[in-house]
Each structure stands twice: as C-alpha cells, then as structure tokens.
Amino acid sequence: MLWTAFLLGFLGSFHCLGMCGPIALAVAAKDNSAFLKNKLVYNLGRTITYSTLGAIIGMLGFSLALAGVQQWISILMGAVILLMAFFYKKSERIITQSGFFGSVYKLKSSLGKYLKRGGTSAFFFSGLLNGLLPCGMVYLALIASLALQSPLSGTLYMLFFGLGTIPMLLVVMLSGKLISIQWRNRFTKALPYFAMFIGILFIVRGLGLGIHYVSPKLQVFDYGEEKIEMTMCR
C-alpha cells in the first residue's frame with residue numbers, strides 16, 4: 001500500500017500548493033545558505049510530523065484490531081475514504097473551516113515567527129508546524145494509516161506520503177514561482193478518482209478474499225474458548 005501513499009502525496013501536493021505554496025516561497029526567500037540545505041530541512045520537518053501522526057494513528061488502529069474488529073476497520077475506513085472522495089470539495093471545506101481548528105491561527109502565527117527568524121533550526125521547526133496545518137489530503141492519508149492497524153505501517157505510510165509531497169514543493173522553492181492554476185487543476189482533478197481507488201483497495205483488503213498483497217486471507221486462531229481473527233499480511 002506504500003506506493004498509494006507516495007502517489008497520494010504527489011497528487012495532493014498540487015492541490016495543497018494553495019496553502020503550502022506561499023509558505024514554501026517564504027522559506028525560499030529567507031534561505032540565504034546552501035542551495036538545497038534549508039529547503040530539504042524544512043521538508044524533513046514536515047515529513048517527520050506526518051510520520052509521527054501516522055505512528056499515533058497506527059497505534060490506535062492496532063488497539064482496535066486487538067479488540068477484534070480488524071476486518072471491519074479496513075472496510076469502514078475504506079468507506080470513509082470513498083465518501084471523502086465523492087464529496088471532495090465539501091469535505092475539504094469542512095476540515096479547513098471547522099471550529100475544531102480554532103487554534104490554527106496561533107499555529108500559523110508561530111510558523112510565521114520561525115520563518116522570519118531564518119536559519120536551519122527555524123526552517124526545521126517551520127516544517128514541523130506546517131505538518132500540523134489542517135489539510136484534507138493529510139487526513140485522508142491518516143485514515144488510510146488507521147486502516148493499516150499497525151504503528152510501523154502507519155509511520156511508513158505517512159512517511160511515503162510526506163516524501164510524495166516534496167518534489168513539487170522543491171520545484172516551487174527552486175523556481176520561486178507557483179505553478180499555474182490551470183496545471184494545478186489538471187492534477188487536482190485526478191485526486192478524487194485516485195482516492196476512490198484507495199478506498200476500494202482498503203475495502204477489498206478488509207474482505208479477506210485471499211488475494212496476495214491485495215486482500216490477504218483472514219486466518220482464525222483458536223485459543224481454547226477464544227478465537228482470534230488475524231489478517232495474514234504479505
């Protein structure tokens with residue numbers, strides 16, 4: 001499933017340029033050191049935040065799996081991803097405008113202070129904070145991490161998601177320009193369809209059809225009176 005994380009991050013980066021693009025340009029404008037050093041450090045910070053969130057969500061998924069609902073987690077999370085894809089613009093608006101994210105202003109304020117300060121450590125912390133900004137693509141990837149039901153898998157999924165976002169942001173940083181809206185829209189249009197594909201993958205995975213790498217068969221282990229279902233991941 002890791003390749004879906006990288007592609008989701010890559011396609012999502014075109015959509016997220018509206019929020020992250022100006023921040024990337026600000027980093028590039030303040031970067032007076034080595035050609036790529038601080039730009040990579042900033043993106044490293046973002047990726048670390050994504051990976052940490054993936055580990056936390058993966059731990060939650062693992063706890064739910066131990067409760068005996070492993071199969072249904074994958075199916076339910078796949079259905080949630082499908083719903084988010086069908087109502088892509090509406091779900092994005094709800095995520096970014098929800099009152100739950102009232103602290104976003106403070107987050108952006110802190111991020112701005114680090115950007116003004118400049119320097120390697122400031123760019124790194126800017127990246128860490130930027131990874132916490134509300135974004136539909138990030139939450140979609142986190143839902144997929146939950147469905148994987150493992151802290152390690154969740155960490156790797158979000159790591160590859162973060163790596164997928166880096167190429168486009170580096171292009172923006174190095175060129176000093178945002179990509180035209182026309183080109184961004186062309187890639188953004190593919191996002192809901194790819195998200196639907198990921199949702200279907202997780203639903204099929206949860207069904208345990210015995211298809212290697214896609215839908216591993218569920219095996220039941222009998223420990224006296226208790227039976228435990230486990231997905232044999234391959």
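Helices (H or I, at least four residues) and strands (E, at least two) are DSSP runs, numbered from the N terminus. This is a predicted model, in which local features need pLDDT of at least 70 and side-chain atom pairs count only at pLDDT 80 or more, while totals for chains, interfaces and linings use all residues. Residues are numbered from 1 along each chain as its sequence is written, and side-chain values use heavy atoms, with hydrogens and water left out.

## The chain as a whole

The protein chain has nine helices and two strands. Along the sequence they come in the order α-α-α-α-α-α-α-α-α-β-β. Of the 234 residues in the protein chain, 46% are buried; buried means under 20% relative accessible area, exposed means over 50%, and partly exposed lies in between (1.4 Å probe, protein chains only). A contact means heavy atoms within 4.5 Å. Among contacts in the protein chain between residues at least 6 apart in sequence, 77% join residues at least 24 apart.

## A loop residue with positive phi

Glutamine 149 sits in the loop between α6 (136-148) and α7. Its phi is near 60°, which is a positive value in a residue other than glycine. Most residues other than glycine have a negative phi. Glutamine 149 is also buried, because its relative accessible area is 6%.

Glycine 136 belongs to helix α6. With a relative accessible area of 3%, glycine 136 is buried.

## Cavities

Rolling a probe the size of a water molecule over the atoms shows where empty space is left. Here a cavity is a set of points, on a 1 Å grid over the protein atoms alone, where a 1.4 Å probe fits but cannot get out; lining residues have an atom within 4 Å of a point. Grid points are joined across faces, edges and corners, and a volume is the space filled by probe spheres set on the points.

The whole structure has two cavities of 30 Å³ or more. The largest cavity holds about 110 Å³ of space. It is lined by 15 residues, and those closest to its centre are Cys16, Cys20, Arg46, Tyr50 and Cys135.

Which helices each supply at least two residues of this lining? They are α1 (2-30), α2 (37-86) and α7 (151-175). Helix α1 gives the most, with six residues. By class, the lining of the largest cavity has nine nonpolar, five polar and one charged residues. In this count Ala, Val, Leu, Ile, Met, Phe, Trp, Tyr, Cys and Pro are nonpolar, Asp, Glu, Lys and Arg are charged, and the others, Gly among them, are polar.

## Threonine 165

Threonine 165 is found in helix α7. It is buried, with a relative accessible area of 6%. A polar atom of the threonine 165 side chain lies 2.6 Å from the backbone oxygen of glycine 162. Not counting residues up to four places away in sequence, threonine 165 touches Gly9, Phe10, Ser13 and Arg46.

## Aromatic rings

Rings of Phe, Tyr and Trp (its six-membered ring) pair if their centres lie within 6.5 Å; planes under 30 degrees apart count as stacked, over 60 as edge-to-face and the rest as tilted. The structure holds four aromatic pairs. One of them joins phenylalanine 124 and phenylalanine 125, with 5.8 Å centre to centre and 70° between the planes, so the pair is edge-to-face. Phenylalanine 124 is partly exposed because its relative accessibility is 24%, and phenylalanine 125 is partly exposed at 38%.

Ring pairs also link Trp3, Phe194 and Phe197 into a cluster. Phenylalanine 194 is found in helix α9, and phenylalanine 197 is in helix α9 (residues 191-207). Is phenylalanine 194 buried or exposed? Phenylalanine 194 is buried, with a relative accessible area of 13%, whereas phenylalanine 197 is partly exposed, with 39%. Not counting residues up to four places away in sequence, phenylalanine 194 touches Trp3, Thr4, Leu7, Leu8 and Leu11.

The table gives pairs of residues with their separation along the chain and the distance between their C-alpha atoms.

| Pair | Separation in sequence | C-alpha to C-alpha distance |
|---|---|---|
| Phenylalanine 194 and leucine 8 | 186 residues | 7.5 Å |
| Phenylalanine 197 and glycine 78 | 119 residues | 9.4 Å |
| Glycine 136 and tyrosine 88 | 48 residues | 8.4 Å |

Conventions
1 Å grid on protein atoms, 1.4 Å probe; cavity = no way out; pocket = protein on both sides within 12 Å on 5 of 7 lines; lining within 4 Å. Polar contact = N/O pair within 3.5 Å; in protein donor to acceptor, adjacent residues only side chain to side chain.
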